[in-house]
Amino acid sequence: MELTPAQKAALKELLNIGFGRAAASLSQLTGHEVLLDIPAVSIHPLAQLRPALAEVVRDDVASVHQIFSGPVAGNALLILNHEAAGLLKQLLTDETPLPLNIDASGREALTEVGNILLNACLVTVGHLLDEQVSFSIPYLDLDTLQRIIDPLLVSRESLRYGLLVQAGFRLRDTEVHGYLVIALSEPSHDRLIKAIEVRERKGGPWL
């Protein structure tokens, strides 16, 4: 489905609140100023999500997964190609990265980044819906984009839509791009869009 311009602007505004909280947590954790922004946001049927991501992410990827549950449920992922993941780890830890499959500190750093960012965004969505969202323990996966995305298509949660958010990490005069995916069931997707439209009509602060 296509977001209207108003819906797209509203989603960016909402997610920027979560990104701001995540940036503050990452800055405190690393001792370096971390800025996060959202260049683009879109929603796709899950069957179209991999082709959309394949235009900007190629080869193997690093992904942090977090399943969330409650009145709004689904699967959230932070996806980076290996070059971006290695650079982000180096910027955050001052350590030269090894290949991710053997770099334990790199995997730990990326999992924590994903945990902070995904939690912040999902908590923000929960506040909008006035509902509590529960999270699983995040885990890191290193695989091809196809093998990361395709299991979502056969998930027992009947996930139907993917909210795709381009994430820009800026620190130490360097920018690293990743992609946040929030996979939703049709009822969860409809609740989110309806809540955004209601809040837009009311005006005022989001949270």
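Contact, as the word is used in this report, means heavy atoms within 4.5 Å. The structure is a predicted model, in which local features need pLDDT of at least 70 and side-chain atom pairs count only at pLDDT 80 or more, while totals for chains, interfaces and linings use all residues. Residues are numbered from 1 along each chain as its sequence is written, and side-chain values use heavy atoms, with hydrogens and water left out.

## Helix α3 and its ends

Helices (H or I, at least four residues) and strands (E, at least two) are DSSP runs, numbered from the N terminus. Helix α3 covers residues 82–93, and its 12 residues should span 16 Å at 1.5 Å a residue, which agrees with the 16 Å between its end C-alpha atoms; the expected span is 1.5 Å times one less than the number of residues.

A residue is called buried under 20% relative accessible area, exposed over 50%, and partly exposed in between (1.4 Å probe, protein chains only). By that rule A84, A85, G86, L88, K89, L91 and L92 of α3 are buried. The buried residues of α3 pack against α1 (5–30), β3 (60–69), β4 (74–81), α4 (104–129), β7 (159–171) and β8 (174–185).

At the start of α3, a side-chain oxygen of N81 comes within 3.2 Å of the backbone nitrogen of E83. After the helix comes D94, whose phi is positive, near 65°.

## From α3 to α4: residue D103

D103 sits in the loop between α3 and α4 and, at 3% relative accessibility, counts as buried. A polar contact is a pair of N or O atoms within 3.5 Å; within protein, one must be able to donate a hydrogen and the other to accept it, and residues adjacent in sequence count only if both atoms are side-chain atoms. The side chain of D103 makes such a contact with the side chain of S105, at 3.1 Å, and a polar atom of the D103 side chain also lies 3.1 Å from the backbone nitrogen of G106. When residues up to four places away in sequence are not counted, D103 touches K89, P97 and L98; of these, K89 is one of the buried residues of α3.

## The crossing of α1 and α4

The axes of α1 and α4 come within 8 Å and cross at roughly 145°, where axes are lines fitted to C-alpha atoms, for helices over the stretch in contact, and angles run from 0 to 180 degrees between N-to-C directions. The contact is made by residues of α1 including L14, L15, I17, G18 and F19, and by residues of α4 including E112, V113, I116, L117 and A120. By class, this contact of α1 with α4 has 14 nonpolar, four polar and two charged residues; Ala, Val, Leu, Ile, Met, Phe, Trp, Tyr, Cys and Pro count as nonpolar, Asp, Glu, Lys and Arg as charged, and the others, Gly among them, as polar.

Q66 lies in strand β3 and is buried, with a relative accessible area of 1%. Its side chain is joined to that of N115 by a polar contact of 3.4 Å. Leaving aside neighbours within four places in sequence, Q66 is in contact with G74, N75, A76, N115, L118, N119, F135, S136 and P138.

L80 is found in strand β4 and is buried as well, with a relative accessible area of 2%. Not counting residues up to four places away in sequence, L80 touches V61, A62, A85, L88, V176, H177 and G178, and among these A85 and L88 are buried residues of α3.

I193 belongs to helix α6 (residues 186–202) and is buried, with a relative accessible area of 10%. Apart from its neighbours within four places in sequence, I193 is in contact with L3, Q7 and I43.

## The loop between β7 and β8

R172 lies in the loop between β7 and β8 and has a positive phi of about 50° although it is not a glycine. At 34% relative accessibility, R172 counts as partly exposed. D173 is found in the loop between β7 and β8, and its phi, near 60°, is a positive value in a residue other than glycine. D173 counts as exposed, at 88% relative accessibility.
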